Structure formats: structure tokens, C-alpha cells
Amino acid sequence: MKFAVLVFPGSNCDIDCYKAVEDTIGQPVDYVWHTATDLSAYDGILVPGGFSYGDYLRCGAISRFAPVMNEVAKAAEEGKFILGICNGFQILTEAGLLPGTLLRNTSLKFRCHDTVLRVENNTNPFTSEYAAGEEIVIPIAHGEGNYYCDDATLEQLKKNNQIIFTYVNNPNGSLEDIAGISNERGNVVGMMPHPERAVDSLFGSEDGKRMFTSILKAWRDRHESASVR
Ligand SMILES: NC(=O)CC[C@H](N)C(=O)O
């Protein structure tokens with residue numbers, strides 16, 4: 001399984017994502033610049049955290065116009081696995097690949113600390129290696145992580161099992177404690193907490209590892225069943 005880690009001007013978690021792929025699942029991974037116009041070589045796309053374009057206008061509002069985002073939309077359409085972390089989540093919502101938006105934290109402060117998440121949906125390609133309802137420790141680092149959507153969208157998220165993670169102690173005012181969601185099809189996930197910063201006990205938690213092993217498992221399952229057919 002080959003991964004792309006997108007890099008925008010101002011990304012700062014790209015190296016962490018790259019290392020997480022290397023260290024947890026040992027799969028091939030490339031940095032892909034925001035001007036790229038072809039992602040066909042990749043099976044998984046990581047949209048990393050950071051301060052792309054300095055968070056000007058709104059977090060992710062400029063990045064979503066980058067040429068590579070047309071390719072991300074194509075990849076989503078093709079069913080490839082796409083994970084947006086923190087600023088990556090913000091970019092995916094701005095691009096319309098995930099519903100809702102991220103508002104400023106209700107504290108109006110940048111919050112940077114570990115959080116406890118509850119796994120709400122472990123039937124998703126990104127979370128199959130967790131137990132349903134399991135509580136895991138994953139750090140956050142954001143100023144605009146307050147997830148919001150309208151009532152009709154929230155109803156859809158619930159109906160389709162698109163709420164992937166919630167916070168046990170809400171750090172930012174997110175609607176219904178939402179920390180991460182998927183698209184309806186389940187192949188695009190966005191989350192504010194950083195699993196790539198929780199892949200080694202030296203970081204204080206290894207609970208992020210299973211997101212990467214889950215993605216690889218989902219990809220292998222898909223390819224094995226395709227080759228059997
Ligand atoms: N770590 C991040 O990706 C931060 C995202 C964004 N710059 C914010 O502060 O909300």
C-alpha cells in the first residue's frame with residue numbers, strides 16, 4: 001500500500017505522518033507537494049496538520065484551492081482511503097469532502113494536550129483494530145477544533161454511523177463532543193486529534209498506531225477479495 005503525505009506551505013505535521021507510516025506499518029510513502037496534479041500512484045492519502053497558508057481567512061480556506069485537492073476529490077470518488085488530521089480535517093471540510101466545519105475553540109485559546117477519545121465506530125476502515133466504545137489517548141493541538149454542523153447534517157452523521165471518535169472531556173466546544181467523522185461512504189475520515197503523535201510509548205501513548213494498522217488491513221482485505229473474485 002502506497003501513501004502520499006500532502007505538503008502545503010505551512011504544514012508542520014507532514015514529517016510526523018511520514019514517520020508514523022514508516023514506523024507503524026512500514027509501507028512506501030512519499031511527500032507530495034500541494035501543486036501536484038496526479039495522485040494515481042497512491043492508495044492512501046494523508047492530509048497533515050499545521051498552519052497551511054498561515055490559517056489566513058479560515059483554517060484550510062486557501063489550501064482547499066490547491067491543485068492537489070482536485071486529485072484528492074478524485075481519489076475520494078474512487079474509494080481510496082483519505083485521512084485528514086487537524087489542519088487536514090479543516091482542509092477536507094473546506095473542500096466539501098467532509099460535512100460541517102471547524103470553529104474557534106470556545107475558550108478562544110490554542111489547546112495542546114492529551115485527550116481521551118471514545119471509539120464510536122469501529123466498523124470503519126480507519127478504526128477496525130479498536131474495540132467499540134474503547135477509550136484511547138490521543139493528543140490535540142489546535143485553535144479551531146470546535147466541530148459544528150446544522151441539525152440535518154448531524155442527523156445524517158448519526159444515521160450513517162459517521163461519527164468515528166468523540167471526546168470524553170470536550171476540549172473545544174465541539175457539537176456532541178465530536179472529535180472525528182467520516183464521509184457517508186466511510187473512505188474519508190477527518191479528526192482533530194493527532195494519531196501520528198501517539199505511535200510510540202516515548203510520546204506518552206501508542207494508541208494512534210492502530211489507525212495506521214487498520215488502514216493497511218482494510219486495504220489488504222479489499223485487494224485480497226478483489227484477487228479472489
Ligand atoms: N495542529 C494543527 O493542525 C492546527 C490546525 C489549525 N492551525 C488550528 O490551530 O486549528
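**Strand S4 and its partners**

How many bridges join S4 to strand S11? There are 4 bridges between S4 and S11 (residues 188-191), and the two strands run parallel. Strands here are DSSP runs of E of at least two residues, helices are runs of H or I of at least four, and both are numbered from the N terminus; two strands pair if DSSP finds at least two bridges between them. Within this pairing, glycine 84 stands opposite glycine 190.

This is a predicted model, in which local features need pLDDT of at least 70, side-chain atom pairs count only at pLDDT 80 or more, and totals for chains, interfaces and linings use all residues. Residues are numbered from 1 along each chain as its sequence is written.

**Burial of S4**

In S4 (residues 81-85), 5 of the 5 residues are buried, so the strand is largely enclosed by the rest of the structure. A residue is buried if 20 or more other C-beta atoms, placed from the backbone, lie within 10 Å of its own. Phe81, Leu83 and Ile85 point one way, while Ile82 and Gly84 point the other way.

**Annotated positions**

An unreviewed UniProt entry lists Cys86, His194 and Glu196 under "active site"; such annotations may be inferred rather than shown by experiment. The three span 111 residues in sequence, yet no two of their C-alpha atoms are more than 10.9 Å apart, so they gather at one spot.

Histidine 194 lies in the loop between S11 and helix H5 (209-228), and counts as buried with 25 C-beta neighbours inside 10 Å. Glutamate 196 is found in the loop between S11 and H5, and is buried with 30 such neighbours inside 10 Å.

Key:
A residue is buried if 20 or more other C-beta atoms lie within 10 Å of its own, exposed if 12 or fewer, and partly exposed in between; C-beta atoms are placed from the backbone.
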